[in-house]
Amino acid sequence: MGNEVVHDDQVPNDSRTVEDDQPEDDDQFLNDDRILNDDQDVYGHEIYDCFRGKCGSELVECEYGHSCVSESPAVYLSEYEDWPSQQQKAMDYVRGRVLDIGCGAGRHALYLQEKGFDVLGIDTSPLGVEVCKLRGLKKAKVMSITEVGSAIDPKVDSGPGKFGTILMLGNNFGLFGSFERAKLLLEKFHKITEDNARIIVESTDPYNSIDPSYLQYLESNKKRGRMPGQLRLRVRYGGYVTPWFDYLYVSKGEMKEILKGSGWRVRKFIDSGDSVYVAVIEKEGEEVGFLGRVAGLIK
């Protein structure tokens, strides 16, 4: 839900270890996208508190034994003028009906709705979705990324046809979780989108770090058969705590490798000036062909 997670070398480390209560295996994470209950709804509570004028930051814990304070949840409520430049530029590539996955407090969905787009925002945070509605988002649903492709309640989204854009900004490429799950979900996305559809995603290159323990963790992930940037995290805010979850950071080359054979390809990268970047991904193949390229030129 717009997880703006930061590395330990980017903020002061509070030296807190998280060796207790570690996840036991990898298998439980492949399909683990449970809707959060109230005790787990960290993002919902911090967003709701900030929406009501009391902003406090979350604590992100990583399985390799470090924790860090993330940026203020005010970012989830920010207006277009305050967005990072790569997110602003990404708006120029949106077309058709929009599915905003991990919509958080709805900052991108609300902007596009004001521009006349038909937007559906989904998130696993019930309170986050409630904040979206309070802020004026017409279509918002408590739903996980793994449920995308199943029937969407017509009372929530009665729009005609398939989606023209799937939006995953705020580092939400991470919601794919792993190489294998990304492949499965990209196949689902292919089925619910138009022939000239786009996926607009944001990710972070995991290799842009000087923290030795973090770099060692990337190597240990490779030895365990995981992608190097497949971080295992949990998040705390006040008395709320998420379950452990996998969150995927990839380089541009790794993103292209994931897309191979999926029916999707990178059209354009939009750089931020540091390790964060946006990718505009489009359907490939002859079925898109001339009409898809013409639509791209028009846009």
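Start by selecting R224 and E63: their side chains meet in a salt bridge, with N and O 2.8 Å apart. (A salt bridge here is a side-chain nitrogen of Lys or Arg within 4 Å of a carboxyl oxygen of Asp or Glu.) R224 sits in the loop between α6 (212–223) and β8, while E63 sits in the loop between β1 (59–62) and β2 (67–69), so the pair ties together parts that are 161 residues apart in sequence. Colour the two by accessibility: E63 is buried, at 16% relative accessible area, and R224 is partly exposed, at 38%. (Buried means under 20% relative accessible area, exposed over 50% and partly exposed in between, using a 1.4 Å probe and protein chains only.)

A word on what you are viewing. This is a predicted model, in which local features need pLDDT of at least 70, side-chain atom pairs count only at pLDDT 80 or more, and totals for chains, interfaces and linings use all residues. Residues are numbered from 1 along each chain as its sequence is written, and side-chain values use heavy atoms, leaving out hydrogens and water.

Now zoom out to the whole protein chain. You will find 8 helices and 12 strands. (These are DSSP runs numbered from the N terminus: helices are H or I with at least four residues, strands are E with at least two.) Of the 299 residues, 56% count as buried.

Next, select helix α1, residues 42–51. Is this helix enclosed or open? Since 7 of its 10 residues are buried, α1 is largely enclosed by the rest of the structure. Among the buried ones are Y43, H45 and C50. Show the neighbours too: the buried residues of α1 pack against α4 (126–134), β8 (230–237), β9 (240–241) and β10 (245–248). (Contact means heavy atoms within 4.5 Å.) Just after α1, click on G53, which takes a positive phi of about 100°.

Back to salt bridges, of which the structure holds 12. Go to helix α5 (residues 179–191), where K191 and E187 lie 4 residues apart, about one turn of the helix. The closest N and O atoms of their salt bridge are 4.0 Å apart. K191 is exposed at 57% relative accessibility, whereas E187 is partly exposed at 43%.

Then select K252 and D271, whose closest N and O atoms are 2.5 Å apart in a salt bridge. This pair links distant parts of the chain, with K252 in helix α7 (residues 252–259) and D271 in strand β11 (residues 264–271), 19 residues apart.

For a last stop, which residues are linked with R234 in a network of salt bridges? Select E61 and R236 alongside R234 to see that network.
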